[in-house]
Amino acid sequence: MSDFTLQNVILVGGENSKTLGVTGEKIVPPGPGCVLDLKGRSCVYPGLINTHDHLQGNYRPPVGPKPGVFYLTWLPWDNDLKASDTFKERSRLNREDLYSLSGYKCLFSGVTTVNDHFPQKFNANILPTLPIRAILEYGLAHEASSYDLKWGDGLEVEHAKAIKNNWPFITHLAEGFDEEAMNGVNYLESRKILDDHCLFVHCIGFSDDDIKKVAKAGASVSWCGFSNKFMFNVTCKIRKMIEAGINVTIGTDSSATGSANLLEEMRYDRVLYRAMYGEDLPAEKIFTMVTANAAKAFRLDDRLGTLDEGKLADLLVIKAKRDDPFENLVGAEMEDIELLTLAGKPIYGELRFLDIFGGELPAGYTQITVGKRPMFVAGDPAGLYKTARSKIGFKKVLDFLPFEPE
Ligand SMILES: [Fe+2]
């Protein structure tokens, strides 16, 4: 891999500089190697981090409650999903197909790091094959309730693993409004599972007291506004969580209930916040939720989340269409992405960035057209899309893929 320098860029979330160097996997002071002048027309952000997804579940259309009603907990949704035509159709694809499609859901939305909320015994072999980084080191539970799906080795064991190895402990929590869901924080507290390793997903049933306890413990929350509204017609008390100082991050959940991808989720959550409180959630806050806060929640903030020298060179380059770089990110569409790198390796980008490879498309890459621009991409998403369509039996459109196979 060639080292390279991006010159005349708008750097967001890092040193006060217009230049950024990459050597090997890391961000370094600008040095030797290929120099690309972006002429002040592009913003460079840290690769985005999605703290909650289920990579086997990304399929369309979503499955939700009947019109006019909403769920009390996630459990009837799980039953509805498994009885749905969407699920039947999705079952024509194998696990590898679904994970690969999800890897590209991440890539085409600028996500370089994701958590696949699922036990490692099912995903550990497949996650390293994806074009982006899905974290492998975490303790988990499905949820802290008697009717949850019993993932992992049990709450205490999984949490102890997280503490011992300095991993996050990730679980859905309070995803609903029955007695058990609403007692989630107290239940975990009684088992001494409430600390800064914890990343709680959804939290729509949190009381004010729960919010205080979670803030005091230094735990993180994954806010999945789109999925919450779709299933429950309400999301968590997000303003109180932010005001309490909780480390808030953003998750898409799977597209079986959630947004198409993290770009849509950021836009949606901002609109949702305004509808709830009549005030704006600043774009800079949203940017922090999908970068530095998320890196902290995964306990990877020594490597990810900002563009500081020494960190991994996960770079998201987006066309500068708005004066404010944070507004530029929160308003971005898939078609605005110009380059994405993972630990210094370009995995998606406009052909002008092929200079990083010495001008030639390397083995293991293919070319697609996104928004009329030819783009290089790691792997063969067009081949994957075609194979998926032939297994499904018709020209299925998955809206998180921004291209048509040639
Ligand atoms: Fe989930």
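Me: Ala, Val, Leu, Ile, Met, Phe, Trp, Tyr, Cys and Pro count as nonpolar, Asp, Glu, Lys and Arg as charged, and the others, Gly among them, as polar. How do the residues of the lining of the largest cavity divide?

Reply: This model is predicted: local features need pLDDT of at least 70, side-chain atom pairs count only at pLDDT 80 or more, and totals for chains, interfaces and linings use all residues. Numbering runs from 1 along each chain as its sequence is written, and side-chain values use heavy atoms, without hydrogens and water. The lining of the largest cavity divides into 5 nonpolar, 5 polar and 1 charged. Among its residues are Pro46, Ile49, Thr112, Thr113, Leu307, Leu312 and Asp314.

Me: What makes a space in this model a cavity, and how many cavities of 30 Å³ or more are there?

Reply: On a 1 Å grid over the protein atoms alone, a 1.4 Å probe fits in a cavity but cannot get out, whereas a pocket is open, with protein on both sides within 12 Å along at least five of seven lines; lining residues have an atom within 4 Å of a point. The count comes to 2 cavities of 30 Å³ or more. The largest cavity holds about 50 Å³, and the second largest cavity about 30 Å³, each volume being the space filled by probe spheres on grid points joined across faces, edges and corners. Gly57, Tyr59, Pro61, Leu81, Thr86, Phe87, Arg90 and Ala256 line the second largest cavity.

Me: Which residues are the closest to the centre of the largest pocket?

Reply: The largest pocket has a volume of about 440 Å³. Of its 25 lining residues, His54, Trp77, Asp78, Leu81 and Trp151 are the closest to the centre. α1 provides the largest share of this lining, with 4 residues. By class, the lining has 11 nonpolar, 8 polar and 6 charged residues.

Me: Why are His54 and Asp253 called buried?

Reply: Buried means under 20% relative accessible area, exposed over 50%, and partly exposed in between (1.4 Å probe, protein chains only). His54 has 16% and Asp253 has 5%, so both fall under the 20% limit.

Me: What makes strand β8 largely enclosed by the rest of the structure?

Reply: Strands are DSSP runs of E with at least two residues, and helices are runs of H or I with at least four, numbered from the N terminus. In β8 (residues 111-116), 6 of the 6 residues are buried, so this strand is largely enclosed. β7 and β8 pair in the parallel sense over 4 bridges, which meets the requirement of at least two bridges.
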